[in-house]
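Visitor: I would like to go through this structure with you. Could you please guide me from one topic to the next?

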Amino acid sequence: EQIKDKKEASGIANQLKKYHQQLTSQVSEMESQLEKLKEEVKQSYAAPEFQKYLYSLHSICVHEGSGDSGHYYSFIFDRFTNQWWKYSDIRIEKVTEEQVFKVAEGDDQSWASAFYLVYIKKEVAATLAGTKINVYSSQQKSAYSELIIPTIQQKVETENKALEDEIARVIAEKEVDDLRKYYDQIYGETTAKFEAYEKETKEKEDHQSRYSRGFPFYLWNNMKAINGKNILKRHLLDHSFSQTLQKKYEKRLKDLDENAPIVAEIKKQFST
């Protein structure tokens, strides 16, 4: 609606001026309260009980996204190497301190900012400075393991054990695959030699020659008579193991722990 006369315009101007004065007064009062709160916080930290411990920044959890969705990742400072690391799911990468604080502070160009910060006591920080984070083990007492609450510690140990078991199983599976190839080769060669000799002696119908060739052929015929090929298989399996894996495990096959992954995999592949 258009202003029709100067009187009306003057009234609006006075009203706006009044609002401006009120808002200025409110802003001034809020700024005064803010300064007062800052001073109270500063004074509270000056109290002796709040100066008993000193803390250092250890890590920053970052949220990237909107208020109802997004992604979380962390920056962790490795004091042993004075290096910041970014941990985002399975991806781990080095970052500079400048990058860390730029992301943490946030800006109009990014959807990411700090969600929360983790501080540790100066004494713990000093201990971490002598601890390699990349060789941390939840099974061993260290400055890092002491930072983990028992329930999380147990979960980490359980998941680590499951991963170690899976890795051991996969390695054992590959090793036994190689063992099987070696075994199949010498089993085929050995049985072919025995069967060729058996055919030769049968054609000659010379029973004496079966034994004149030596004990192995005598044993072969006796094993056949009692369906004892499994004896030969076991012998060749022991031999195959000694030629392929005994050096690594530093034990003969029969001396391995029954619960070892390699034994379980051998039983699986050589069950028949």
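**A pocket, a patch and some salt bridges**

Guide: Please keep in mind that this is a predicted model. By class, seven nonpolar, two polar and six charged residues make up the lining of the second largest pocket.

Visitor: How many residues line the second largest pocket, and which lie nearest its centre?

Guide: The lining of the second largest pocket has 15 residues. Those nearest the centre are Arg234, Leu237, Leu253, Ile266 and Phe270.

Visitor: Which elements give two or more residues to that lining?

Guide: They are helix H4 (150-204), helix H7 (229-244) and helix H9 (261-269). H7 gives the most, with four residues.

Visitor: And how much space lies in the second largest pocket?

Guide: The second largest pocket holds about 330 Å³ of space. In general, empty space is found by rolling a probe the size of a water molecule over the atoms.

Visitor: Let us stay with H9 for a moment. Where is Ala264?

Guide: Ala264 is found in helix H9. Its relative accessibility is 44%, so Ala264 counts as partly exposed.

Visitor: How far apart are Ala264 and Ala172, in sequence and in space?

Guide: In sequence, 92 residues separate Ala264 and Ala172. In space, their C-alpha atoms are 8.7 Å apart.

Visitor: New topic: how many salt bridges does the structure hold?

Guide: The structure holds 12 salt bridges. As a general point, side chains of opposite charge can pair when their charged atoms come close.

Visitor: Which residue forms a salt bridge with Glu159?

Guide: Lys155 is the partner of Glu159, and the closest N and O atoms are 3.2 Å apart. Both Glu159 and Lys155 belong to helix H4, where they are four residues apart, about one turn of the helix. Glu159 counts as partly exposed because its relative accessibility is 46%.

Visitor: What about Asp184 and Arg180, then?

Guide: The side chains of Asp184 and Arg180 also meet in a salt bridge, at 3.2 Å from N to O. Asp184 and Arg180 both lie in helix H4, four residues apart, about one turn of the helix.

Visitor: Why does Asp184 count as partly exposed?

Guide: Asp184 counts as partly exposed because its relative accessibility is 39%, and partly exposed covers the range between the buried limit of under 20% and the exposed limit of over 50%. Arg180 is partly exposed as well, with a relative accessible area of 25%.

Visitor: Which residue does Lys267 form a salt bridge with?

Guide: Lys267 forms a salt bridge with Glu258, and the closest N and O atoms of this pair are 2.6 Å apart. Lys267 is partly exposed, with a relative accessible area of 48%. There is also a network, in which salt bridges that share partners join Glu166, Arg169 and Glu173.

Terms used. Residues are numbered from 1 along each chain as its sequence is written. This is a predicted model: local features need pLDDT of at least 70, side-chain atom pairs count only at pLDDT 80 or more; totals for chains, interfaces and linings use all residues. Side-chain values use heavy atoms; hydrogens and water are left out. On a 1 Å grid over the protein atoms alone, a cavity is a set of points where a 1.4 Å probe fits but cannot get out, and a pocket is an open set with protein on both sides within 12 Å along at least five of seven lines; lining residues have an atom within 4 Å of a point. Grid points are joined across faces, edges and corners, and a volume is the space filled by probe spheres set on the points. Ala, Val, Leu, Ile, Met, Phe, Trp, Tyr, Cys and Pro count as nonpolar, Asp, Glu, Lys and Arg as charged, and the others, Gly among them, as polar. A salt bridge is a side-chain nitrogen of Lys or Arg within 4 Å of a carboxyl oxygen of Asp or Glu. Buried means under 20% relative accessible area, exposed over 50%, partly exposed in between (1.4 Å probe, protein chains only).
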